[in-house]
Amino acid sequence: MESRVMKLCCQGCGADLQVTEEVRFVTCNYCQSKLEIVRDASVTHTRVLEKLERTTERIAGNLKVIELQNDLERLDREWETVRQGMMSRGKDGHLYEPSTGSAVIAGVGGGIVGVVVMIGSIASSNTLGVALGLGIGVVAVAIARRSFDYAESFQSLEGRYQAQRQRMIRAIEAERRR
Ligand SMILES: [Zn+2]
């Protein structure tokens, strides 16, 4: 027995479909909609079971996630470049981030050296030594203040980077939940 071929119209995109009589479910070759073939007493038509738009949206959502992840990776790379550029090499050869704490310690340390030199020079009535001690103290404090400001600007840049990173991660999570 030969099955009859029916001409139907895809409810999803309007394309002409040719379906054999006994088929109940088809997928449209044009729009990929899953269709149910509904046979009423008077007319046979198709009904979309799963709209393609949802799939398209999902793909678009995934693309958005990939795009956001690329942006996040770029942000991380940019920050790493800035960070590397702002770090200083310690005596042990390692790179260190500018820190307000070590700026204060260096300033206090330099100040103490200056004061010690001054006190020693006063004890031995060495006026040149007193001037040298004062100079050491003043220079140490000036350098420490500069490093402190530098460390502060580093921290504010890092804070901005972290805040932006958090925003991007939240955007990725929101996009994933869609
Ligand atoms: Zn279709």
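Let me begin with Q162, which is found in helix 3, the helix formed by residues 127-177, and let me say at once that what we are looking at is a predicted model. Is Q162 buried or exposed? Q162 counts as exposed, because it has 11 C-beta neighbours inside 10 Å, and the cut-off for exposed is 12 or fewer. If you look for S102 as well, you will find that Q162 and S102 are 60 residues apart in sequence, while their C-alpha atoms are 22 Å apart in space.

Turning now to helix 2, which covers residues 100-123, we have 24 residues that reach 34 Å from the first C-alpha to the last, and this is close to the 34 Å expected at 1.5 Å a residue. Which residues of helix 2 are buried? They are A103, G107, G114, V117 and M118, and what covers these buried residues includes helix 3. Just after helix 2, please notice S125, which takes a positive phi of about 50°.

Finally, let us go to the strands, where strand 1, residues 5-9, and strand 2, residues 16-20, run antiparallel and are joined by 5 bridges. As one example of the pairing, L8 has L17 in strand 2 as its bridge partner. The hairpin that these two strands make has 6 residues between the strands, and in this hairpin G14 takes a positive phi near 85°. As you follow the strands on the screen, keep in mind that in a regular strand the side chains alternate between the two faces of the sheet.

Technical notes. Residues numbered from 1 in each chain as written. Predicted model: local features only at pLDDT ≥ 70, side-chain atom pairs only at ≥ 80, totals over all residues. Helix = DSSP H or I, 4+ residues; strand = E, 2+ residues; numbered from the N terminus. Buried ≥ 20, exposed ≤ 12 C-beta atoms within 10 Å, placed from the backbone. Pairing = 2+ DSSP bridges. Expected span 1.5 Å × (residues − 1). Contact = placed C-beta atoms within 7 Å.
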